[in-house]
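This briefing concerns the structure shown below.

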Amino acid sequence: MALSVPKTSFQHMLKDGAKHMKGLDEAVFRNIEACKEITKITRSSYGPNGLNKMVINQLEKLFVTSDAATIIKELEVQHPAAKMLILASQMQEQEVGDGTNFVMVFGGQLLAKAEELLRMGLSPPEVIEGFEKACDKALEILPDLTCYTIKNIRDSKEVTRAIKSSVTSKQYGNEDFLSELLTKACVPILPESGLFNVDNVRVVKILGSGVLSSVVIQGMVFKREVEGNITKVQDAKIAVFSCPLDSMATETKGTVLIKSAAELKAFSPGAENLLESQVKCLVDAGCNLVVTGGKVGDMALHFCNKYNLMVV
């Protein structure tokens, strides 16, 4: 006698709370709708006249920006189909550094047109095949649409012309000034391999004035005042310390027993003389500028001023 095996649906194989969707209405159209909704958020921020978005993340931090990469990063989208579109935008950001909003808007429009074809009766494989043929045709036409080509990446005029379009999308009206500024900052430090490291160019924001007062300084800028009386040094010989410039206390505690006034007078000058000798050694070595990664003690600063040593 054969036993009847009860039928089990795919839903029963999943854990509690899981959802299984299939078909055009349940799966495809819902995924397309999710992608269209995420592109609606970034579409109005596209271009030089795009609107700013106000985003508050889970840490209650406020962001006011028109940069699509920042917006989608702080939204923390959970929908799987929308996340695939966001991953494509993030890959564009990593590879090119620009065009994230274009990927979102372009992908959303492709899906919107695909939805129209599906509602007309075409099957998803037919739509995919059409997109693949369109991609091949676009790659065939693309080389003929070149406006100009940069022949020398170390030519400032060619580089300025190339980056102006990217700057215009973020700083419309200031693109001429900022393009030249970026060229001055980047071209001189471009390595022979051509692989440019963005961290080699730092931006320091100083309150006051405006964008047109920005300048490029070939060197290092510290956004703070000097510690001592010496404020300017030319042809500096620099000593850099990661520790504070001060006499350090010992790790173990000790007790000093002073029995007379003479011993008290002799106790303090010992530490002072040691600190002065250390500062004097720097001066004797030809150093005239000290950069320290910690605080500067009053006594150490006194001796630095005494020997005309600039401290930052």
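Within the chain, 58% of the contacts with a separation of 6 or more are accounted for by residues 24 or more positions apart. The model is predicted. Its secondary structure comes to 10 helices and five strands.

**Burial and surface**

- The chain has 312 residues, of which buried residues make up 22%.

**Packing of α4 against α5**

- Helix α4 spans residues 80–95 and helix α5 spans residues 100–120; their axes come within 8 Å and cross at roughly 150°.
- The crossing of these two helices, α4 and α5, is right-handed.
- On the α4 side, the contact involves Leu-85, Ile-86, Ala-88, Ser-89, Gln-92 and Glu-93.
- On the α5 side, these residues are met by Thr-100, Val-103, Met-104, Gly-107 and Gly-108.
- By residue class, the contact of α4 with α5 comprises five nonpolar, five polar and one charged.

**Packing of α5 against α6**

- Helix α6 covers residues 124–141, and its axis and that of α5 come within 10 Å, crossing at roughly 135°.
- An angle of 65 to 115 degrees would count as roughly perpendicular and one over 145 as roughly antiparallel; α5 and α6 are therefore oblique to each other.
- The crossing of α5 and α6 is right-handed.
- From α5, the contact is made by Leu-110, Ala-114, Leu-117 and Leu-118, and from α6 by Pro-124, Val-127 and Phe-131.
- The residues of the contact of α5 with α6 divide into seven nonpolar, with no polar and no charged residues.

- Thr-42 lies in helix α2, which runs over residues 23–43.
- The relative accessible area of Thr-42 is 1%; since buried means under 20%, Thr-42 is therefore buried.
- Leaving aside residues up to four places away in sequence, Thr-42 touches Ala-68, Ile-71, Ile-72, Asn-101 and Met-104.
- Met-104, one of the residues that Thr-42 touches, is also among the α5 residues that meet α4.

Methods. Residues numbered from 1 in each chain as written. Predicted model: local features only at pLDDT ≥ 70, side-chain atom pairs only at ≥ 80, totals over all residues. Heavy atoms only, no water. Axes fitted to C-alpha atoms, helices over the stretch in contact; angles between N-to-C directions. Helix = DSSP H or I, 4+ residues; strand = E, 2+ residues; numbered from the N terminus. Left-handed = near helix turned anticlockwise from the far one by under 90°. Contact = heavy atoms within 4.5 Å. Nonpolar A, V, L, I, M, F, W, Y, C, P; charged D, E, K, R; others polar. Parallel < 35°, antiparallel > 145°, perpendicular 65-115°, else oblique. Buried < 20%, exposed > 50% of the residue type's maximum accessible area, 1.4 Å probe, protein only.
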